[in-house]
Amino acid sequence: MFDCELKFVVSQDYKDPYIVKTHKHPCYEIVFYISGTGKTTINNVTYDFKENTFSIIEPNSNHNEIGNENVKLIYIGFDILNDSIKFKSKLYDNANFNILNELLLIQDEMKSQKQYYGRMLNLLTEQIVVKIKRGLNEIAK
């Protein structure tokens with residue numbers, strides 16, 4: 001089908017309001033908002049994020065973020081090594097996708113670095129991609 005390669009995983013717990021300046025990555029990025037509210041702008045389109053939403057950011061897309069206090073998030077960067085799946089940059093409600101558990105598993109796997117952790121990270125990333133693709137297909141119906 002396709003393979004995914006995890007590039008990075010980061011979690012943040014902002015107690016105070018914050019700003020992430022406009023930047024871009026050569027890979028896909030998913031930013032999952034565990035709690036809090038704010039705004040994210042991706043390729044000049046602004047979205048209001050809240051708890052249990054996430055953004056998908058296409059490779060080389062300009063994006064930034066302005067968060068209010070008490071924002072907790074986790075984000076990953078990854079490549080999809082087969083071009084058969086492409087995602088458009090947008091903010092989504094996790095209720096349609098249910099990907100938080102996999103993101104937390106990626107975070108734990110990265111910390112523990114047990115045997116074959118690199119492969120496990122890529123498999124969990126692929127699982128997220130499959131769940132998103134399935135969710136988008138359901139929404140389209």
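Colleague: How do the residues of the lining of the largest pocket divide into nonpolar, polar and charged?

Modeller: This is a predicted model, to start with. In it, the lining of the largest pocket has eight nonpolar, seven polar and two charged residues.

Colleague: And what volume does the largest pocket have?

Modeller: About 160 Å³.

Colleague: Which residues lie nearest its centre?

Modeller: Val20, His23, Glu29, Glu65 and Tyr75. They belong to a lining of 17 residues.

Colleague: Which strands each supply at least two residues of that lining?

Modeller: β1, β2, β3, β6, β7 and β8 do. β2 covers residues 18-23 and β7 covers 63-67.

Colleague: Let's switch to the sheet. What is the order of its strands?

Modeller: The order is β1-β8-β3-β6-β9. That is an open sheet of five strands, and the pairing is antiparallel.

Colleague: Which strands stand at the edges?

Modeller: β1, residues 4-14, and β9, residues 90-93. Each has a single partner strand, so one side of each has no neighbour in the sheet.

Colleague: How many degrees does the twist average from one strand to the next?

Modeller: The average is 20 degrees.

Colleague: Which way do the residues of β6 point?

Modeller: Thr53, Ser55 and Ile57 point one way. Phe54 and Ile56 point the other way. Both sets are buried.

Colleague: What stands opposite Ser55?

Modeller: On the β9 side, Leu91 stands opposite Ser55. On the β3 side, Val31 stands opposite Ser55.

Colleague: And opposite Ile56 in β9?

Modeller: Lys90 is the residue opposite Ile56.

Colleague: On to the helices. Which strands does α1 lie across?

Modeller: Helix α1, residues 100-112, lies across β1, β3 and β8. The helix runs at about 95 degrees to β1. For reference, β3 is 28-35 and β8 is 71-80.

Colleague: What about α2?

Modeller: Helix α2 covers residues 117-140.

Definitions and conventions: Residues are numbered from 1 along each chain as its sequence is written. This is a predicted model: local features need pLDDT of at least 70, side-chain atom pairs count only at pLDDT 80 or more; totals for chains, interfaces and linings use all residues. Side-chain values use heavy atoms; hydrogens and water are left out. Two strands pair if DSSP finds at least two bridges between them. Helices (H or I, at least four residues) and strands (E, at least two) are DSSP runs, numbered from the N terminus. Axes are lines fitted to C-alpha atoms, for helices over the stretch in contact, and angles run from 0 to 180 degrees between N-to-C directions. Contact means heavy atoms within 4.5 Å. On a 1 Å grid over the protein atoms alone, a cavity is a set of points where a 1.4 Å probe fits but cannot get out, and a pocket is an open set with protein on both sides within 12 Å along at least five of seven lines; lining residues have an atom within 4 Å of a point. Grid points are joined across faces, edges and corners, and a volume is the space filled by probe spheres set on the points. Ala, Val, Leu, Ile, Met, Phe, Trp, Tyr, Cys and Pro count as nonpolar, Asp, Glu, Lys and Arg as charged, and the others, Gly among them, as polar. Buried means under 20% relative accessible area, exposed over 50%, partly exposed in between (1.4 Å probe, protein chains only).
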